[in-house]
Amino acid sequence: MSLALGQVEPAVFQAYAFWAAVLGLKMLLMSVLTGLRRGSKKVVSNPEDVMPGGKVAYDDPDVERVRRAHRNDMENILPYFIISFLYMFTNPSVTVAVNLFRLVAAARIIHTVFHVLVPVHKFRGMAWATGFFTTVFMGVQIVLHFL
C-alpha cells in the first residue's frame, strides 16, 4: 500500500493540523509556565541566573510540578504526533478521526489543569489514561491496517 498524501481525506488532515498545532502551542506554553513559576518563587537552576533575593534550587515542589507536567507532555504528545499522523493514512472515518484528535487534545489540556493548576490525582489520571489509550487505539489501527 502506498502512503501518498493525496490519499488523506482533507477534513482529517485539517483536524490533525489544527489539534497538533494546539498541542504544540500547549507544550511551548509549559516552558513559559515553568519560567513564571521559577520567577514567582525566585528559584533558578543556573547560578548565573540568580537575582537578588533568589537562589539556585533543583527541588522546589511548585517548579518541579510544572516540569513534571511538561515532561509528561513530551512523553505522550510527541508519540501522539507521529501515531496520529500515520493514522490518517488508514483511511479512517472523518468523524472518528476528528473526534479522536479532539479527544486527545482535550485530555492533554485537562491533564495539565489537574496536574499544575488544580492538583487532583483522580482527574489527572483519568485525563492521562484517556489520551494514552486513544493514542494506543490509533497505533493498533495502523498496525492492523498495514499487516
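Helices (H or I, at least four residues) and strands (E, at least two) are DSSP runs, numbered from the N terminus. The structure is a predicted model, in which local features need pLDDT of at least 70 and side-chain atom pairs count only at pLDDT 80 or more, while totals for chains, interfaces and linings use all residues. Residues are numbered from 1 along each chain as its sequence is written, and side-chain values use heavy atoms, with hydrogens and water left out.

Arg102 is located in helix H3. With a relative accessible area of 43%, Arg102 is partly exposed; buried denotes under 20% relative accessible area, exposed over 50%, and partly exposed the range in between (1.4 Å probe, protein chains only). The C-alpha atom of Arg102 is separated by 9.7 Å from that of Ala20, although the two are 82 residues apart along the chain.

Ala20 is one of the buried residues of H1, a set that also contains Val12, Ala15, Tyr16, Leu23, Lys26, Met27, Met30, Thr34 and Arg38. Helix H1 has 32 residues and spans 46 Å from its first C-alpha to its last, close to the expected 46 Å, where the expected span is 1.5 Å times one less than the number of residues. The buried residues of H1 pack against strand E1 (43-44), helix H2 (61-87) and helix H3 (94-117). Lys26 lies in this helix, which covers residues 10-41, and is buried because its relative accessible area is 10%. Excluding residues up to four places away in sequence, Lys26 touches Asp73, Ile77, Arg108, Ile109 and Thr112, contact being defined as heavy atoms within 4.5 Å. Just after H1, Lys42 adopts a positive phi of about 55°.

Eleven aromatic pairs are found in a search of the whole structure. Rings of Phe, Tyr and Trp (its six-membered ring) pair if their centres lie within 6.5 Å; planes under 30 degrees apart count as stacked, over 60 as edge-to-face and the rest as tilted. The ring centres of Tyr80 and Phe81 are 6.2 Å apart and their planes are at 50°, so this pair is tilted. Tyr80 and Phe81 are both buried. Ring pairs also link Phe13, Tyr16, Phe85, Tyr87, Phe89 and Phe101 into a cluster.

Leu144 is found in helix H4 (residues 121-145) and is exposed, with a relative accessible area of 52%.
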